[in-house]
Amino acid sequence: MDWLQALILGLVQGLTEYLPVSSSGHLEIGKAILGEGAEAGGLTFDIVVHVATVLATLVVLWKEVVWIFKGLFRPLGPGAKLNDEQKYTLNILVSMIPVGVVGLCFKDSIEALYADNVLPVVGCCLLVTAALLALTHFYKPQPREQISPVHAFVIGIAQAVAVLPGLSRSGSTIATGLLLGNSRQSLAQFSFLMVIPPILGEALLDFKHIVAPSAEYLAEHGIDEPIGTLPLIVGFVAAFISGAFACKWMIALVKKCQLIWFAVYCALAGLFTLFVLA
């Protein structure tokens with residue numbers, strides 16, 4: 001992978017991480033279009049650009065993160081009741097349970113299913129994402145202001161299923177929350193904050209592969225040699241800057257815009273992937 005390919009893929013990752021169109025799916029599409037050299041980064045490059053977008057989230061939502069941590073350590077209220085910040089943190093922790101189980105127990109098995117032929121999976125999952133987003137346009141339950149722990153768990157299940165490339169993480173969580181009746185105002189922020197711990201946790205688990213990839217790791221992921229430092233830096237910076245822009249833009253979009261247009265885009269992208277690239 002050269003620096004230009006890394007720049008393009010970093011921009012793709014940053015711009016699509018928060019839009020409900022699947023960043024992982026678009027990375028695979030981008031690699032297929034850019035050619036064989038773009039595959040050289042493998043999982044290492046994917047993890048680095050995902051961490052970049054998480055850090056962009058922390059920058060954009062810094063006030064919300066500080067608000068959570070300040071309230072988290074306050075004493076419990078009368079009757080040992082949790083304050084708003086503690087309830088919010090509890091919901092995030094509950095939402096992490098499904099993705100934690102899938103990540104620790106089934107991640108390798110799931111990835112092995114499509115390791116040799118990922119593009120058909122991407123195409124089909126993009127069509128599923130399109131259907132899920134379209135459903136929110138036609139089914140609109142009575143809205144509620146607060147996300148409950150039960151709803152947080154169900155939204156977490158949607159995030160866990162979205163480990164499949166092409167199934168949008170933000171699209172799945174936002175659409176699931178809307179179908180449960182949660183308000184757009186609460187979902188936009190929650191769906192972005194809830195992805196931070198899982199992505200950072202995955203990066204921590206794979207850190208040794210990033211720093212010093214073993215021969216077994218390189219062979220398993222079809223990498224002839226470790227990716228160079230320059231492409232990693234370029235990809236990281238591109239994903240961080242574009243991710244910060246996309247995060248702010250998507251929060252505003254979720255609050256105002258209909259998701260049906262993203263459904264149309266995902267349907268077209270899925271058909272293109274299945275009938276042109278796959």
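How many of the 278 residues of the protein count as buried? The share is 49%, where buried means under 20% relative accessible area, exposed over 50% and partly exposed in between, found with a 1.4 Å probe on protein chains only. This is a predicted model, in which local features need pLDDT of at least 70 and side-chain atom pairs count only at pLDDT 80 or more, while totals for chains, interfaces and linings use all residues. Residues are numbered from 1 along each chain as its sequence is written, and side-chain values use heavy atoms, with hydrogens and water left out.

View 1. Helices here are DSSP runs of H or I with at least four residues, strands are runs of E with at least two, and both are numbered from the N terminus. Among contacts with a separation of 6 or more, 81% join residues 24 or more positions apart; a contact means heavy atoms within 4.5 Å.

**View 2. Here we look into the second largest pocket, with about 510 Å³ of space.** Rolling a probe the size of a water molecule over the atoms shows where empty space is left. On a 1 Å grid over the protein atoms alone, a pocket is an open set of points where a 1.4 Å probe fits, with protein on both sides within 12 Å along at least five of seven lines; lining residues have an atom within 4 Å of a point. Of the 18 lining residues, Trp67, Tyr88, Gln146, Ser186 and Gln189 are the closest to the pocket's centre. Helices α4 (62-72), α5 (84-105), α10 (184-193) and α14 (229-256) each supply at least two lining residues, and α5 gives the most, with five.

**View 3. Tyr88 and Phe190 form the one aromatic pair counted.** Rings of Phe, Tyr and Trp (its six-membered ring) pair if their centres lie within 6.5 Å; planes under 30 degrees apart count as stacked, over 60 as edge-to-face and the rest as tilted. In this pair the ring centres are 5.7 Å apart and the planes stand at 80°, so the pair is edge-to-face. Tyr88 belongs to helix α5 and Phe190 to helix α10, so the pair links distant parts of the chain, 102 residues apart. Both residues are buried.

**View 4. Asn91 is another residue of helix α5 to find.** Asn91 counts as buried because its relative accessibility is 8%. Leaving aside residues up to four places away in sequence, Asn91 touches Ile147, Ser148, Pro149, Ala152 and Phe190.

Notes: Grid points are joined across faces, edges and corners, and a volume is the space filled by probe spheres set on the points.
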